[in-house]
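Please open the model in your viewer and keep the selection tool at hand. The stops below follow one another, each with something to select and a note of what is there.

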Amino acid sequence: MTGFDYDDWFDGVLRASDSGDSSAASAGEPGRAFAAWQASFRGELRDVLGFPTMRDRTVEDIDPRRRERPGATVQRRRYQRQTWSVRTERGFRVPFYLLVPDSVDPPYPVVVALHGHSEHGKDLAAGVADDEAARRHIADDRRDIARQAVRRGFAVVAPDMRAFGELRPDAADEPNASDAVSACAYWQKRAQLVGRSLVGERVWDVGRLVDFVADRPDLDADRLAVCGHSGGGTVALLAGALDERVGAVVACASVCPFEDSIVPIDHCLCNYVPGLRRLGEVWDVAGLVAPRPLRVVAGDADPIFPIAGARRAFDRIRGRYCAADAAGECSLFVGDGGHRFFEAGAWPFLRDRL
């Protein structure tokens, strides 16, 4: 007796739920049809990510607070690193670094820099995490993206995303959630019970950080980009899709069709948003960024976001941008390497546009 072939069965489920082409008539048509598709899909995407439940707990005043305790402000060569937090929901605050360059005068162009999966959170993005694994990620994988950006003259907002850094579950409450993947599972399972998703909560927080930028005269909200690596790349793409105040998006090591990556390859639980695939594919999400600039960055040897899938996704993204009459505003950079951040794919692109 042969065993049940779940993968074969689920392929049929996936095909039956395939809405990647169901909206192609509108998503591929220029002019009003494309704009109407964007408006409709953007609303549906907010709903599936759990935004309605977050709106129920929203606060008008984000109440920015700068930490003044020792070590909260650090002067480095060419920039200063400040520590802040904002309120994104009732009873919830997101800590972040604000890195301010010395090399240019305000108002500064701004990058919201989103780290990938790491218990170190914003410390990894700022290049200050100092254990052996973090040093390797910084030296080999170039994940100190906030520090890279400020050294190039951008002001940088680098938050802890939920379940990471200071926002990790307390080990006393959940001893099995001490590593990054377990922490995501701990958070995601609870979020789903109340109609939320962990990645949706992270995207929501980025929107409140954009509010922070918009309220400060030394930060130029008209020159604002979101840049993320891996899980941060997923959040960057979604944030750019849903918040039109974001002027440009760089998504690194994260853009691939679901059926080529999230479905066959075991990823962290936070990548699985209930109902998302019924709405569309990754190229539909990216189509919401159009006509604003989008750079997709991929490694030619990335084992969890395969390059063949990334190329296929980008071909479909380019079709969405053609419908927006903005084909020249999306581009693909393929680096020589695996699941890492490619500086050459991000910063020249953003320098030219910001």
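Begin by selecting Arg 162 and Glu 89, which form a salt bridge (a side-chain nitrogen of Lys or Arg within 4 Å of a carboxyl oxygen of Asp or Glu) with their closest N and O atoms 2.8 Å apart. Arg 162 sits in the loop between β6 (155-159) and α8 (180-193), whereas Glu 89 belongs to strand β3 (residues 79-89), so that the pair links parts of the chain 73 residues apart; helices (H or I, at least four residues) and strands (E, at least two) are DSSP runs, numbered from the N terminus. This is a predicted model, in which local features need pLDDT of at least 70 and side-chain atom pairs count only at pLDDT 80 or more, while totals for chains, interfaces and linings use all residues. Residues are numbered from 1 along each chain as its sequence is written, and side-chain values use heavy atoms, with hydrogens and water left out.

Arg 162 counts as buried because its relative accessibility is 2%, where buried means under 20% relative accessible area, exposed over 50% and partly exposed in between (1.4 Å probe, protein chains only). Asp 205 is buried as well, with a relative accessible area of 4%.

Next, select Arg 245 and Asp 211, whose side chains meet in a salt bridge at 2.6 Å, N to O. Arg 245 is in the loop between α10 (231-242) and β8 (248-252) and Asp 211 is in helix α9, 34 residues apart. At 38% relative accessibility, Arg 245 counts as partly exposed.

To widen the view, select Arg 57, Glu 89, Arg 162, Arg 196, Glu 201 and Asp 205 together, which salt bridges with shared partners join into one network. The whole structure holds 31 salt bridges.

For the last stop, which residues lie nearest the centre of the largest pocket? Select Phe 10, Val 263, Tyr 272, Val 273 and Arg 277, the nearest of the 15 residues that line this pocket. A pocket here is an open set of points on a 1 Å grid over the protein atoms alone, where a 1.4 Å probe fits, with protein on both sides within 12 Å along at least five of seven lines, and lining residues have an atom within 4 Å of a point. Helices α1 (6-16) and α11 (276-279) each give two or more residues to the lining.
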